[in-house]
Amino acid sequence: MSQVLVNYFTKTGAKMTKRKSIALPLAVLAGATAIPTAANAQMAEHKHEHDGGTESHHTMVNPILAGANLILRVDGMSCPFCAFGLEKRIREIAEVDTVVVNLSDGVVAIRKIEGAEIDDELLMETVTDAGFSLREITRPEGE
Amino acid sequence: MKKAFFYVTAVLTGLPVSAVAQGLPFHTESALTTAFEQRGVRFLSSLATRGDITAVTSKVAFLPWAPSRKLTTRIVIPVVYKEMNTGSPNSNSRFGAGDLSLAAKWAFFTNDRPGGTTRLAVVASGTLPTGTTDPKFDAVGNEIRALRLGGGAPSGGLLLAATVLRGRFGLTADVGHTVSGTDAGYRTGEATRYDVALSLRFPDRIQTIRTRTAQLYLEWNGVFSTRSDSPAGVIGDSGGHIAFLSPGVQLVVLPQFLIEASVQIPVVQDFNGSQPTFGTRYATGARVLFF
(Lines give C-alpha, C1' and ligand atoms only; values in the text may rest on other atoms or scores of the structure.)
Protein backbone atom coordinates (compact mmCIF):
# COMPACT_ATOMS: atom_id res chain seq x y z
CA MET A 1 0.00 0.00 0.00
CA SER A 2 1.67 3.16 -1.09
CA GLN A 3 0.62 6.70 -0.61
CA VAL A 4 0.45 9.31 -3.25
CA LEU A 5 0.93 13.00 -2.85
CA VAL A 6 -1.97 14.82 -4.30
CA ASN A 7 -0.88 18.17 -5.57
CA TYR A 8 -3.08 21.04 -6.33
CA PHE A 9 -2.83 24.75 -6.70
CA THR A 10 -4.58 27.39 -4.74
CA LYS A 11 -6.03 30.55 -6.14
CA THR A 12 -2.75 32.34 -5.58
CA GLY A 13 -0.79 29.62 -7.30
CA ALA A 14 0.94 28.51 -4.11
CA LYS A 15 1.55 24.80 -4.20
CA MET A 16 -0.07 22.74 -1.49
CA THR A 17 0.32 19.09 -0.73
CA LYS A 18 -2.18 16.74 0.75
CA ARG A 19 -1.78 13.06 1.56
CA LYS A 20 -4.33 10.56 0.35
CA SER A 21 -4.20 6.86 1.10
CA ILE A 22 -4.65 5.56 -2.40
CA ALA A 23 -2.60 2.76 -3.86
CA LEU A 24 -1.19 3.54 -7.28
CA PRO A 25 1.18 2.03 -9.78
CA LEU A 26 4.52 3.79 -10.12
CA ALA A 27 3.68 4.75 -13.64
CA VAL A 28 0.65 6.59 -12.45
CA LEU A 29 2.61 8.25 -9.68
CA ALA A 30 5.02 9.57 -12.24
CA GLY A 31 2.20 11.31 -14.04
CA ALA A 32 0.21 12.30 -11.02
CA THR A 33 0.18 15.98 -11.75
CA ALA A 34 -0.51 15.65 -15.45
CA ILE A 35 -3.91 15.70 -17.06
CA PRO A 36 -4.54 12.67 -19.26
CA THR A 37 -4.16 12.47 -22.98
CA ALA A 38 -7.01 14.50 -24.40
CA ALA A 39 -6.44 17.30 -21.97
CA ASN A 40 -2.69 17.24 -22.52
CA ALA A 41 -3.20 18.34 -26.07
CA GLN A 42 -4.30 21.73 -24.90
CA MET A 43 -2.22 22.08 -21.80
CA ALA A 44 0.79 24.37 -21.86
CA GLU A 45 3.63 24.10 -19.38
CA HIS A 46 5.24 27.35 -18.27
CA LYS A 47 6.80 29.03 -15.26
CA HIS A 48 5.50 31.52 -12.74
CA GLU A 49 7.02 33.63 -10.02
CA HIS A 50 5.72 32.72 -6.59
CA ASP A 51 6.51 33.86 -3.07
CA GLY A 52 8.84 30.94 -2.67
CA GLY A 53 10.55 31.38 -6.03
CA THR A 54 10.05 30.14 -9.55
CA GLU A 55 7.98 27.05 -10.00
CA SER A 56 7.00 25.02 -13.02
CA HIS A 57 3.43 23.83 -13.44
CA HIS A 58 0.62 23.61 -15.94
CA THR A 59 -1.92 26.03 -17.22
CA MET A 60 -5.23 24.38 -17.92
CA VAL A 61 -7.15 25.08 -21.07
CA ASN A 62 -9.51 22.23 -20.55
CA PRO A 63 -10.82 20.78 -23.81
CA ILE A 64 -14.00 19.33 -22.36
CA LEU A 65 -15.13 22.22 -20.21
CA ALA A 66 -13.99 25.77 -20.78
CA GLY A 67 -13.23 27.60 -17.56
CA ALA A 68 -13.01 24.47 -15.47
CA ASN A 69 -11.92 25.22 -11.90
CA LEU A 70 -11.45 21.68 -10.75
CA ILE A 71 -10.11 18.65 -12.53
CA LEU A 72 -10.66 15.29 -10.88
CA ARG A 73 -8.89 12.18 -11.97
CA VAL A 74 -11.18 9.31 -11.19
CA ASP A 75 -10.28 5.64 -11.42
CA GLY A 76 -12.72 2.85 -12.17
CA MET A 77 -14.83 4.51 -14.85
CA SER A 78 -15.38 2.25 -17.83
CA CYS A 79 -18.96 2.58 -18.94
CA PRO A 80 -21.17 5.64 -19.49
CA PHE A 81 -24.05 3.99 -17.75
CA CYS A 82 -21.99 3.69 -14.59
CA ALA A 83 -20.38 7.11 -14.80
CA PHE A 84 -23.70 8.88 -15.07
CA GLY A 85 -24.23 8.41 -11.36
CA LEU A 86 -21.00 10.22 -10.65
CA GLU A 87 -21.95 13.17 -12.81
CA LYS A 88 -25.31 13.37 -11.13
CA ARG A 89 -23.84 13.35 -7.65
CA ILE A 90 -21.32 16.04 -8.42
CA ARG A 91 -23.99 18.18 -10.00
CA GLU A 92 -25.90 18.00 -6.75
CA ILE A 93 -23.11 19.85 -4.94
CA ALA A 94 -24.48 23.33 -4.42
CA GLU A 95 -21.23 25.07 -5.39
CA VAL A 96 -20.99 23.29 -8.75
CA ASP A 97 -22.10 25.18 -11.83
CA THR A 98 -21.21 22.68 -14.58
CA VAL A 99 -19.65 19.25 -14.68
CA VAL A 100 -18.43 17.18 -17.61
CA VAL A 101 -17.17 13.61 -17.39
CA ASN A 102 -14.60 12.39 -19.89
CA LEU A 103 -14.77 8.67 -19.59
CA SER A 104 -11.81 7.55 -21.67
CA ASP A 105 -9.42 9.82 -19.80
CA GLY A 106 -10.98 9.27 -16.40
CA VAL A 107 -11.35 13.02 -16.00
CA VAL A 108 -14.14 14.98 -14.37
CA ALA A 109 -14.03 18.70 -15.13
CA ILE A 110 -15.95 21.01 -12.82
CA ARG A 111 -16.76 24.68 -13.15
CA LYS A 112 -17.70 26.20 -9.82
CA ILE A 113 -20.19 28.90 -9.13
CA GLU A 114 -18.24 32.13 -9.07
CA GLY A 115 -16.75 32.80 -5.65
CA ALA A 116 -17.72 29.40 -4.25
CA GLU A 117 -15.33 26.92 -2.70
CA ILE A 118 -15.56 23.14 -2.79
CA ASP A 119 -13.82 21.18 -0.12
CA ASP A 120 -11.59 18.30 -1.17
CA GLU A 121 -13.13 16.04 1.41
CA LEU A 122 -16.56 16.62 -0.11
CA LEU A 123 -15.26 15.71 -3.54
CA MET A 124 -13.61 12.61 -2.17
CA GLU A 125 -16.81 11.56 -0.44
CA THR A 126 -18.92 12.24 -3.52
CA VAL A 127 -16.72 10.20 -5.85
CA THR A 128 -16.47 7.36 -3.36
CA ASP A 129 -20.21 7.26 -2.82
CA ALA A 130 -20.71 7.05 -6.56
CA GLY A 131 -18.64 3.89 -6.59
CA PHE A 132 -15.33 5.14 -7.92
CA SER A 133 -11.88 6.08 -6.65
CA LEU A 134 -10.64 9.66 -6.60
CA ARG A 135 -6.96 9.73 -7.38
CA GLU A 136 -6.18 13.37 -7.85
CA ILE A 137 -7.65 16.84 -7.56
CA THR A 138 -6.13 19.55 -9.70
CA ARG A 139 -7.00 23.20 -9.35
CA PRO A 140 -5.87 24.90 -12.52
CA GLU A 141 -3.85 28.10 -12.37
CA GLY A 142 -5.79 31.16 -11.48
CA GLU A 143 -8.30 29.34 -9.30
CA MET B 1 -43.76 -36.93 -20.36
CA LYS B 2 -45.69 -35.44 -17.44
CA LYS B 3 -42.56 -35.63 -15.33
CA ALA B 4 -40.66 -33.83 -17.99
CA PHE B 5 -43.14 -30.99 -17.93
CA PHE B 6 -42.33 -30.50 -14.30
CA TYR B 7 -38.72 -30.03 -15.16
CA VAL B 8 -39.64 -27.64 -17.93
CA THR B 9 -41.46 -25.55 -15.39
CA ALA B 10 -38.45 -25.53 -13.17
CA VAL B 11 -36.14 -24.38 -15.91
CA LEU B 12 -38.45 -21.73 -17.27
CA THR B 13 -39.22 -20.24 -13.90
CA GLY B 14 -36.46 -21.45 -11.63
CA LEU B 15 -33.54 -19.30 -12.70
CA PRO B 16 -34.27 -16.16 -10.78
CA VAL B 17 -30.76 -14.83 -10.89
CA SER B 18 -29.90 -15.24 -14.54
CA ALA B 19 -32.92 -13.37 -15.80
CA VAL B 20 -32.32 -10.32 -13.70
CA ALA B 21 -28.59 -9.80 -13.92
CA GLN B 22 -28.08 -6.12 -13.22
CA GLY B 23 -24.55 -5.55 -14.38
CA LEU B 24 -23.80 -4.55 -17.90
CA PRO B 25 -23.76 -8.02 -19.43
CA PHE B 26 -27.17 -9.26 -20.46
CA HIS B 27 -27.41 -12.58 -18.66
CA THR B 28 -24.24 -12.74 -16.59
CA GLU B 29 -24.33 -11.24 -13.13
CA SER B 30 -21.90 -8.38 -12.75
CA ALA B 31 -19.90 -7.37 -9.70
CA LEU B 32 -20.59 -3.69 -10.41
CA THR B 33 -22.75 -1.86 -7.92
CA THR B 34 -22.69 1.61 -9.39
CA ALA B 35 -25.31 3.90 -10.87
CA PHE B 36 -27.88 1.49 -12.24
CA GLU B 37 -27.86 -0.66 -9.16
CA GLN B 38 -28.38 2.32 -6.95
CA ARG B 39 -31.21 4.02 -8.82
CA GLY B 40 -32.66 2.20 -11.75
CA VAL B 41 -35.30 0.07 -13.34
CA ARG B 42 -34.78 -2.71 -15.81
CA PHE B 43 -37.43 -4.00 -18.19
CA LEU B 44 -36.85 -7.36 -19.75
CA SER B 45 -38.95 -9.62 -21.97
CA SER B 46 -37.92 -13.05 -23.09
CA LEU B 47 -39.33 -15.76 -25.29
CA ALA B 48 -38.35 -19.32 -24.45
CA THR B 49 -39.45 -22.63 -25.84
CA ARG B 50 -38.93 -26.15 -24.73
CA GLY B 51 -40.82 -29.05 -26.16
CA ASP B 52 -44.47 -28.07 -26.48
CA ILE B 53 -44.17 -25.22 -24.04
CA THR B 54 -43.65 -21.61 -25.01
CA ALA B 55 -43.12 -19.04 -22.29
CA VAL B 56 -43.08 -15.29 -22.65
CA THR B 57 -41.82 -13.60 -19.53
CA SER B 58 -41.75 -9.88 -18.90
CA LYS B 59 -39.92 -8.68 -15.83
CA VAL B 60 -39.53 -5.39 -14.10
CA ALA B 61 -36.56 -5.08 -11.79
CA PHE B 62 -36.46 -2.30 -9.20
CA LEU B 63 -33.49 -1.24 -7.17
CA PRO B 64 -35.21 0.05 -4.07
CA TRP B 65 -32.45 0.32 -1.55
CA ALA B 66 -28.71 0.92 -1.72
CA PRO B 67 -27.40 1.76 1.72
CA SER B 68 -23.86 2.08 0.40
CA ARG B 69 -21.97 1.79 -2.81
CA LYS B 70 -20.99 -1.73 -1.78
CA LEU B 71 -24.45 -3.00 -0.90
CA THR B 72 -27.43 -2.87 -3.21
CA THR B 73 -30.79 -4.63 -3.32
CA ARG B 74 -33.32 -5.43 -5.99
CA ILE B 75 -36.85 -6.71 -6.43
CA VAL B 76 -37.99 -8.45 -9.59
CA ILE B 77 -41.66 -8.71 -10.50
CA PRO B 78 -42.38 -11.07 -13.39
CA VAL B 79 -45.46 -11.41 -15.54
CA VAL B 80 -45.63 -14.68 -17.42
CA TYR B 81 -47.57 -16.06 -20.37
CA LYS B 82 -47.28 -19.77 -20.99
CA GLU B 83 -48.74 -21.83 -23.75
CA MET B 84 -48.67 -25.50 -24.46
CA ASN B 85 -49.23 -26.20 -28.11
CA THR B 86 -49.77 -29.84 -28.83
CA GLY B 87 -51.55 -29.25 -32.09
CA SER B 88 -54.66 -30.73 -30.61
CA PRO B 89 -57.72 -29.49 -28.72
CA ASN B 90 -55.68 -30.03 -25.58
CA SER B 91 -53.65 -26.89 -26.25
CA ASN B 92 -53.69 -24.67 -23.22
CA SER B 93 -52.35 -21.38 -21.97
CA ARG B 94 -52.03 -19.29 -18.84
CA PHE B 95 -51.19 -15.71 -18.02
CA GLY B 96 -50.44 -13.99 -14.73
CA ALA B 97 -47.89 -13.09 -12.11
CA GLY B 98 -44.78 -15.17 -11.69
CA ASP B 99 -42.63 -15.67 -8.64
CA LEU B 100 -41.32 -12.52 -6.99
CA SER B 101 -37.59 -12.53 -6.42
CA LEU B 102 -35.43 -10.53 -4.06
CA ALA B 103 -31.69 -10.12 -4.08
CA ALA B 104 -28.90 -8.29 -2.30
CA LYS B 105 -25.44 -7.70 -3.70
CA TRP B 106 -22.37 -6.99 -1.64
CA ALA B 107 -19.27 -5.82 -3.49
CA PHE B 108 -16.51 -6.95 -1.19
CA PHE B 109 -13.51 -6.21 -3.38
CA THR B 110 -12.75 -3.20 -5.55
CA ASN B 111 -9.54 -2.32 -7.32
CA ASP B 112 -10.03 0.74 -9.51
CA ARG B 113 -7.51 1.94 -12.06
CA PRO B 114 -7.53 4.52 -14.83
CA GLY B 115 -10.18 3.48 -17.31
CA GLY B 116 -10.90 0.20 -15.62
CA THR B 117 -11.76 -1.70 -12.54
CA THR B 118 -11.66 -5.15 -11.00
CA ARG B 119 -14.49 -6.06 -8.67
CA LEU B 120 -15.84 -9.06 -6.83
CA ALA B 121 -19.29 -9.37 -5.33
CA VAL B 122 -21.58 -11.92 -3.75
CA VAL B 123 -25.29 -11.99 -4.48
CA ALA B 124 -27.81 -13.59 -2.17
CA SER B 125 -31.19 -14.10 -3.80
CA GLY B 126 -34.49 -15.69 -3.00
CA THR B 127 -37.71 -16.40 -4.85
CA LEU B 128 -41.09 -16.28 -3.20
CA PRO B 129 -43.91 -18.55 -4.43
CA THR B 130 -46.17 -15.71 -5.52
CA GLY B 131 -46.83 -17.11 -9.00
CA THR B 132 -50.05 -18.83 -9.92
CA THR B 133 -50.08 -22.54 -9.21
CA ASP B 134 -53.73 -23.28 -9.96
CA PRO B 135 -53.74 -26.59 -11.77
CA LYS B 136 -54.43 -26.99 -15.45
CA PHE B 137 -55.44 -30.44 -16.59
CA ASP B 138 -55.09 -32.31 -19.82
CA ALA B 139 -57.87 -34.28 -21.53
CA VAL B 140 -57.43 -37.27 -19.26
CA GLY B 141 -57.32 -35.26 -16.06
CA ASN B 142 -53.59 -35.10 -15.39
CA GLU B 143 -52.20 -31.79 -14.25
CA ILE B 144 -49.92 -30.01 -16.68
CA ARG B 145 -47.41 -28.72 -14.17
CA ALA B 146 -45.38 -27.04 -16.84
CA LEU B 147 -48.16 -24.50 -17.25
CA ARG B 148 -47.82 -23.28 -13.68
CA LEU B 149 -46.61 -19.74 -13.56
CA GLY B 150 -44.94 -20.13 -10.20
CA GLY B 151 -42.66 -22.72 -8.73
CA GLY B 152 -44.97 -23.25 -5.78
CA ALA B 153 -42.12 -23.19 -3.30
CA PRO B 154 -39.50 -20.68 -2.22
CA SER B 155 -35.96 -20.94 -3.45
CA GLY B 156 -32.71 -19.36 -2.39
CA GLY B 157 -29.32 -18.95 -3.92
CA LEU B 158 -25.83 -17.59 -3.46
CA LEU B 159 -23.67 -16.36 -6.29
CA LEU B 160 -20.13 -15.05 -6.72
CA ALA B 161 -19.54 -12.50 -9.49
CA ALA B 162 -16.34 -11.04 -10.89
CA THR B 163 -15.98 -8.15 -13.30
CA VAL B 164 -12.81 -6.91 -14.96
CA LEU B 165 -13.05 -3.81 -17.15
CA ARG B 166 -10.10 -2.41 -19.10
CA GLY B 167 -11.05 0.43 -21.36
CA ARG B 168 -13.30 -0.91 -24.08
CA PHE B 169 -12.88 -4.54 -23.06
CA GLY B 170 -14.75 -6.33 -20.33
CA LEU B 171 -14.78 -9.77 -18.78
CA THR B 172 -17.49 -10.81 -16.38
CA ALA B 173 -18.08 -14.21 -14.83
CA ASP B 174 -20.23 -15.71 -12.14
CA VAL B 175 -20.95 -19.00 -10.45
CA GLY B 176 -23.92 -19.61 -8.21
CA HIS B 177 -26.01 -22.27 -6.57
CA THR B 178 -29.78 -22.33 -6.05
CA VAL B 179 -31.80 -24.60 -3.78
CA SER B 180 -35.59 -24.91 -3.97
CA GLY B 181 -38.13 -25.80 -1.36
CA THR B 182 -40.80 -28.49 -1.56
CA ASP B 183 -44.33 -28.00 -2.89
CA ALA B 184 -46.75 -30.86 -2.23
CA GLY B 185 -43.98 -33.37 -2.47
CA TYR B 186 -42.39 -31.83 -5.55
CA ARG B 187 -38.98 -30.27 -5.28
CA THR B 188 -36.98 -28.79 -8.10
CA GLY B 189 -33.42 -30.07 -8.30
CA GLU B 190 -30.55 -27.94 -7.09
CA ALA B 191 -29.09 -25.75 -9.81
CA THR B 192 -25.52 -24.58 -10.24
CA ARG B 193 -25.19 -21.83 -12.81
CA TYR B 194 -22.06 -20.49 -14.39
CA ASP B 195 -21.71 -17.63 -16.82
CA VAL B 196 -18.92 -15.91 -18.70
CA ALA B 197 -19.31 -12.72 -20.71
CA LEU B 198 -16.88 -10.94 -22.98
CA SER B 199 -17.68 -7.39 -24.02
CA LEU B 200 -16.37 -4.91 -26.51
CA ARG B 201 -17.38 -1.26 -26.55
CA PHE B 202 -17.74 1.04 -29.55
CA PRO B 203 -16.37 3.59 -29.95
CA ASP B 204 -13.08 2.95 -28.25
CA ARG B 205 -12.75 6.47 -26.87
CA ILE B 206 -15.58 8.28 -25.15
CA GLN B 207 -15.12 12.01 -24.93
CA THR B 208 -17.98 12.55 -22.53
CA ILE B 209 -20.60 10.30 -21.02
CA ARG B 210 -23.03 11.87 -23.49
CA THR B 211 -21.26 9.93 -26.23
CA ARG B 212 -23.58 7.28 -27.57
CA THR B 213 -22.01 3.88 -27.28
CA ALA B 214 -22.70 0.31 -28.26
CA GLN B 215 -21.52 -2.76 -26.45
CA LEU B 216 -21.22 -6.15 -28.08
CA TYR B 217 -21.45 -9.19 -25.85
CA LEU B 218 -20.70 -12.83 -26.23
CA GLU B 219 -21.85 -14.84 -23.27
CA TRP B 220 -21.80 -18.48 -22.24
CA ASN B 221 -24.65 -19.24 -19.86
CA GLY B 222 -24.79 -22.69 -18.33
CA VAL B 223 -26.73 -24.51 -15.64
CA PHE B 224 -26.14 -27.90 -14.05
CA SER B 225 -29.25 -29.27 -12.34
CA THR B 226 -29.71 -32.28 -10.14
CA ARG B 227 -32.78 -34.48 -10.50
CA SER B 228 -36.04 -33.21 -9.10
CA ASP B 229 -38.19 -35.04 -6.56
CA SER B 230 -41.86 -35.93 -6.68
CA PRO B 231 -44.12 -37.69 -4.17
CA ALA B 232 -43.40 -40.88 -6.09
CA GLY B 233 -39.64 -40.44 -5.76
CA VAL B 234 -36.83 -39.00 -7.79
CA ILE B 235 -37.81 -37.95 -11.29
CA GLY B 236 -35.43 -39.75 -13.58
CA ASP B 237 -36.22 -37.56 -16.54
CA SER B 238 -35.06 -34.36 -14.91
CA GLY B 239 -31.82 -32.51 -14.32
CA GLY B 240 -28.75 -32.29 -16.47
CA HIS B 241 -26.62 -29.68 -18.16
CA ILE B 242 -27.87 -26.91 -20.40
CA ALA B 243 -25.67 -24.19 -21.86
CA PHE B 244 -26.38 -21.32 -24.20
CA LEU B 245 -24.10 -19.28 -26.39
CA SER B 246 -25.53 -15.79 -26.16
CA PRO B 247 -24.50 -12.96 -28.46
CA GLY B 248 -26.05 -9.65 -27.55
CA VAL B 249 -25.90 -5.93 -28.09
CA GLN B 250 -26.59 -2.93 -25.89
CA LEU B 251 -27.04 0.59 -27.11
CA VAL B 252 -26.48 3.35 -24.58
CA VAL B 253 -28.75 5.92 -26.16
CA LEU B 254 -28.46 8.33 -23.27
CA PRO B 255 -26.28 8.14 -20.17
CA GLN B 256 -29.37 7.13 -18.22
CA PHE B 257 -31.05 4.95 -20.83
CA LEU B 258 -30.03 1.89 -22.75
CA ILE B 259 -31.75 -0.72 -24.87
CA GLU B 260 -30.55 -4.25 -25.32
CA ALA B 261 -31.22 -7.47 -27.18
CA SER B 262 -29.83 -10.94 -26.95
CA VAL B 263 -30.21 -14.36 -28.53
CA GLN B 264 -29.48 -17.49 -26.56
CA ILE B 265 -28.58 -20.45 -28.71
CA PRO B 266 -28.60 -23.80 -26.91
CA VAL B 267 -25.27 -25.51 -27.55
CA VAL B 268 -25.24 -28.10 -24.77
CA GLN B 269 -28.33 -30.09 -23.83
CA ASP B 270 -27.06 -33.02 -21.86
CA PHE B 271 -30.13 -34.08 -19.91
CA ASN B 272 -30.86 -37.02 -17.68
CA GLY B 273 -33.27 -39.50 -19.18
CA SER B 274 -35.69 -38.37 -21.85
CA GLN B 275 -36.52 -34.69 -21.83
CA PRO B 276 -37.69 -32.17 -24.40
CA THR B 277 -35.02 -29.91 -25.80
CA PHE B 278 -34.73 -26.15 -25.64
CA GLY B 279 -35.20 -23.88 -28.58
CA THR B 280 -33.38 -20.64 -29.18
CA ARG B 281 -34.35 -17.98 -26.64
CA TYR B 282 -34.79 -14.33 -27.42
CA ALA B 283 -34.68 -11.41 -25.05
CA THR B 284 -35.04 -7.67 -25.34
CA GLY B 285 -34.96 -5.03 -22.69
CA ALA B 286 -34.26 -1.51 -21.53
CA ARG B 287 -32.64 -0.02 -18.47
CA VAL B 288 -33.45 3.39 -17.11
CA LEU B 289 -31.71 5.37 -14.40
CA PHE B 290 -33.91 7.51 -12.19
CA PHE B 291 -32.33 10.14 -9.99
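## Basis of the model

The model is predicted, and local features are reported only where pLDDT is at least 70, while side-chain atom pairs need pLDDT 80 or more and totals for chains, interfaces and linings use all residues. Residues are numbered from 1 along each chain as its sequence is written, chains are lettered from A and ligands numbered from 1 in the order in which they are written, and side-chain values use heavy atoms, with hydrogens and water left out.

## Chain A

The secondary structure of chain A consists of four helices and eight strands, where helices (H or I, at least four residues) and strands (E, at least two) are DSSP runs numbered from the N terminus. Along the sequence these elements follow the pattern β-β-α-α-β-β-β-α-β-β-α-β.

Of the 143 residues in chain A, 52% are buried; buried means under 20% relative accessible area, exposed means over 50%, and partly exposed lies in between, with a 1.4 Å probe and protein chains only. Among the contacts in chain A with a separation of 6 or more, 58% join residues 24 or more positions apart, a contact being heavy atoms within 4.5 Å.

## Where the two chains meet

The contact between the chains involves 35 residues from chain B and 32 residues from chain A. The size of an interface is often given as the accessible area lost when the parts come together. Here the buried area (the accessible area, with a 1.4 Å probe, that two parts lose on being put together, summed over both) is about 2,600 Å², and carbon and sulfur atoms give 59% of that area.

Between chain B and chain A there are six residue pairs in polar contact, with both residues at pLDDT 80 or more; a polar contact is a pair of N or O atoms within 3.5 Å, where within protein one must be able to donate a hydrogen and the other to accept it, and residues adjacent in sequence count only if both atoms are side-chain atoms. On the side of chain B that touches chain A, the elements that give two or more residues are strands S5 (100-113), S6 (116-128), S12 (213-225), S16 (257-271) and S17 (281-289) of chain B.

## Aromatic rings

Over all chains, the structure holds four aromatic pairs. In one of them, the rings of Trp106(B) and Phe108(B) have centres 5.6 Å apart and planes at 45 degrees, so the pair is tilted; rings of Phe, Tyr and Trp (its six-membered ring) pair if their centres lie within 6.5 Å, and planes under 30 degrees apart count as stacked, over 60 as edge-to-face and the rest as tilted. Trp106(B) is partly exposed at 47% relative accessibility, and Phe108(B) is partly exposed at 34%.

The rings of Phe244(B) and Phe278(B), with centres 5.7 Å apart and planes at 80 degrees, form an edge-to-face pair. Phe244(B) lies in strand S15 (residues 240-254) and Phe278(B) in the loop between S16 and S17 of chain B, so the pair ties together parts that are 34 residues apart in sequence.

## Two buried residues of chain B

Arg42(B), in strand S1 (residues 40-50) of chain B, is buried with a relative accessible area of 2%. A polar atom of the Arg42(B) side chain lies 3.2 Å from the backbone oxygen of Phe26(B).

Thr163(B), in strand S7 (residues 155-166) of chain B, is buried with a relative accessible area of 1%. The side chain of Thr163(B) reaches the backbone nitrogen of Ala31(B) at 2.9 Å.
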